[in-house]
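The sequence and the coordinates are shown first.

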Amino acid sequence: MIADDALTTNFIFELTNRRLTIEQATEALTTLRPQVTGFPSVTPATLATLFKKSHHLVEPDWQRLDLRMLTYLGWNDIATHQKFIVAVQADRLVGVRGTLSAGIHNGVCAICQTMSRVSMFTATTATNHVGNYRTNGNYICRDSGQCNRQFTSDEGLQAFLETVHPH
């Protein structure tokens, strides 16, 4: 056991209290916050490197971002119907740009794997043959913030990345 495991054990013990109030649960959760590994630091220069072909890149709202609470960074460019996703894949940051359909449906998000308001995300990737491209996609949460809050496992995100950004 590691030293910080006592925090986790205490947190789980608090959750087993059948009379736990929302306030008590929130307080217990804040004790774990220092243990959270945040999303890697991302700057406008990082985005420029990840999205080299996006000449007029609309950046996320940096003021509203708390990287400690994100599993991936995602934002929409409403004017161009583009969605940008920055995530960790194979221990490195990757950027995926794709088209987000205008239609919004209730369905299961491929990333967070919960029922949500989803839209079709499609990205074009190069194939092994020179000059050939393939378009892949799936339904994902339109709101990346909501998707991050519903996130429980990295499996959905990694499977989605393999579909739209095979390495």
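## Fold and model basis

From the N terminus on, the elements of the chain follow the order α-α-α-β-β-β-β-β-β-α-α. The chain thus has 5 helices and 6 strands; helices (H or I, at least four residues) and strands (E, at least two) are DSSP runs, numbered from the N terminus.

This is a predicted model, in which local features need pLDDT of at least 70 and side-chain atom pairs count only at pLDDT 80 or more, while totals for chains, interfaces and linings use all residues. Residues are numbered from 1 along each chain as its sequence is written, and side-chain values use heavy atoms, with hydrogens and water left out.

## Dimensions, burial and contacts

The C-alpha trace of the chain spans about 60 × 35 × 30 Å along its principal axes. The accessible surface of the chain is about 10,800 Å², and carbon and sulfur atoms contribute 54% of that area. Accessible areas come from the Shrake-Rupley method with a 1.4 Å probe, and for residues only the protein chains shown count as cover.

Of the 167 residues, 31% count as buried. Buried means under 20% relative accessible area, exposed over 50%, and partly exposed in between (1.4 Å probe, protein chains only). Among contacts in the chain with a separation of 6 or more, 53% join residues 24 or more positions apart; contact means heavy atoms within 4.5 Å.

## Charges and the salt bridge

The model contains 1 salt bridge, defined as a side-chain nitrogen of Lys or Arg within 4 Å of a carboxyl oxygen of Asp or Glu. The partners are Asp-66 and Arg-68, with an N to O distance of 3.2 Å. Asp-66 is partly exposed, at a relative accessible area of 29%, and Arg-68 is also partly exposed, at 46%.

## Nonpolar cores

A nonpolar core is a set of buried Ala, Val, Leu, Ile, Met, Phe, Trp, Tyr and Cys residues joined through side-chain atoms within 4.5 Å. The largest such core has 20 residues, of which Ile-85, Cys-109, Ile-111, Phe-121, Ile-140 and Phe-160 touch the most other members. Two or more residues each come from β2 (82–89), β3 (92–100), β5 (115–126), β6 (133–141) and α5 (154–164). The largest share, 4 residues, is that of α5. Apart from this core lies another, of 9 residues, including Phe-39, Leu-47, Phe-51 and Val-86.

Beyond its neighbours within four places in sequence, Ile-111 is in contact with Tyr-72, Ile-85, Ile-140, Cys-147, Phe-151, Ser-153, Gly-156, Leu-157 and Phe-160.

## Loop residues

Two residues other than glycine are noted here for a positive phi. His-81 has phi near 60° and sits in the loop between β1 (73–77) and β2; His-81 is partly exposed, with 40% relative accessible area. Gln-113 likewise has phi near 60°. Gln-113 belongs to the loop between β4 (105–108) and β5 and counts as partly exposed at 47% relative accessibility.

Leu-70 lies in the loop between α3 (44–50) and β1 and is buried, at 16% relative accessibility. With neighbours within four places set aside, Leu-70 is in contact with Phe-39, Leu-65 and Asn-148. The C-alpha atoms of Leu-70 and Thr-37 are 9.5 Å apart, for 33 residues of sequence separation. Asp-143, in the loop between β6 and α4 (144–150), is partly exposed at 41% relative accessibility. Its C-alpha atom is 9.6 Å from that of Ser-119, 24 residues away along the chain.

## Gly-74 in strand β1

Gly-74 is part of strand β1 and counts as buried at 18% relative accessibility. The C-alpha atoms of Gly-74 and His-55 are separated by 18 Å, the two residues being 19 apart along the chain.
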